[in-house]
Amino acid sequence: MKSGDQPLLFAALDFEDRDILMQKLDELSNVDENYGLKLNLDSFIGDRTVLDRALSLEHPVFADLKMWNGNRT
């Protein structure tokens, strides 16, 4: 992604199952488009594995700071 470009959309990765979440991040690693990632805070609090993987994709990442919201937000 070029510096200064804003993503057209953010992919909301609202999966409670960490294995599924990591699988989706792996799938998104093959997408070369302008997008961002939205993660629930509870998906990476206490363990940076998910956050580090998301950041490694080099797309904007933002954290939804609500907790215990699962896939209903």
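Which residues have the most contacts inside the largest nonpolar core? I noted Leu 13, Leu 25, Leu 28, Leu 37 and Leu 39, in a core of 14 residues. For my own record, a nonpolar core is a set of buried Ala, Val, Leu, Ile, Met, Phe, Trp, Tyr and Cys residues joined through side-chain atoms within 4.5 Å. Buried means under 20% relative accessible area, exposed over 50%, and partly exposed in between, with a 1.4 Å probe and protein chains only.

**Ground rules.** I am working with a predicted model, where local features need pLDDT of at least 70 and side-chain atom pairs count only at pLDDT 80 or more, while totals for chains, interfaces and linings use all residues. Residues are numbered from 1 along each chain as its sequence is written, and side-chain values use heavy atoms, with hydrogens and water left out.

I then looked up where the core residues come from: strand S1 (9–13), helix H1 (18–28), strand S2 (35–40) and helix H2 (49–56) each supply at least two. Helices (H or I, at least four residues) and strands (E, at least two) are DSSP runs, numbered from the N terminus. I picked Leu 13 and listed its contacts (heavy atoms within 4.5 Å). Leaving out residues up to four places away in sequence, Leu 13 touches Leu 21, Lys 24, Leu 25, Leu 28, Leu 37, Lys 38 and Leu 39.

**Sheet.** I found an open sheet of 3 strands in the order S1-S2-S3, with parallel pairing. Two strands pair if DSSP finds at least two bridges between them. S1 and S3 are the edge strands, each pairing on one side only. S2 and S3 pair over 4 bridges, and the bridge partner of Leu 39 in S3 is Ala 63. H1 lies across S1 and S2 and runs at about 150° to S1; H2 lies across S2 and S3, at about 175° to S2. For these angles, axes are lines fitted to C-alpha atoms, for helices over the stretch in contact, and the values run from 0 to 180 degrees between N-to-C directions.

**Aromatics.** I found 1 aromatic pair. Ring centres of Phe 10 and Phe 62 are 5.1 Å apart and the planes stand at 70°, so I logged the pair as edge-to-face. The rule takes rings of Phe, Tyr and Trp (its six-membered ring) with centres within 6.5 Å; planes under 30 degrees apart count as stacked, over 60 as edge-to-face and the rest as tilted. Phe 10 sits in S1 and Phe 62 in S3 (residues 61–64), 52 residues apart. Phe 10 is partly exposed at 36% relative accessible area, and Phe 62 is partly exposed at 38%.

**Salt bridges.** I counted 6 salt bridges, each a side-chain nitrogen of Lys or Arg within 4 Å of a carboxyl oxygen of Asp or Glu. Arg 53 and Asp 26 meet at 3.1 Å, N to O. Arg 53 lies in H2 and Asp 26 in H1, so this pair ties together parts that are 27 residues apart in sequence. Glu 27 bridges to Lys 24 at 3.7 Å; being 3 residues apart in H1, Glu 27 and Lys 24 are separated by about one helical turn. I also noted Asp 52 with Arg 48 at 2.8 Å. Last entry: Asp 14, Lys 38 and Asp 64 are linked in a network of salt bridges.
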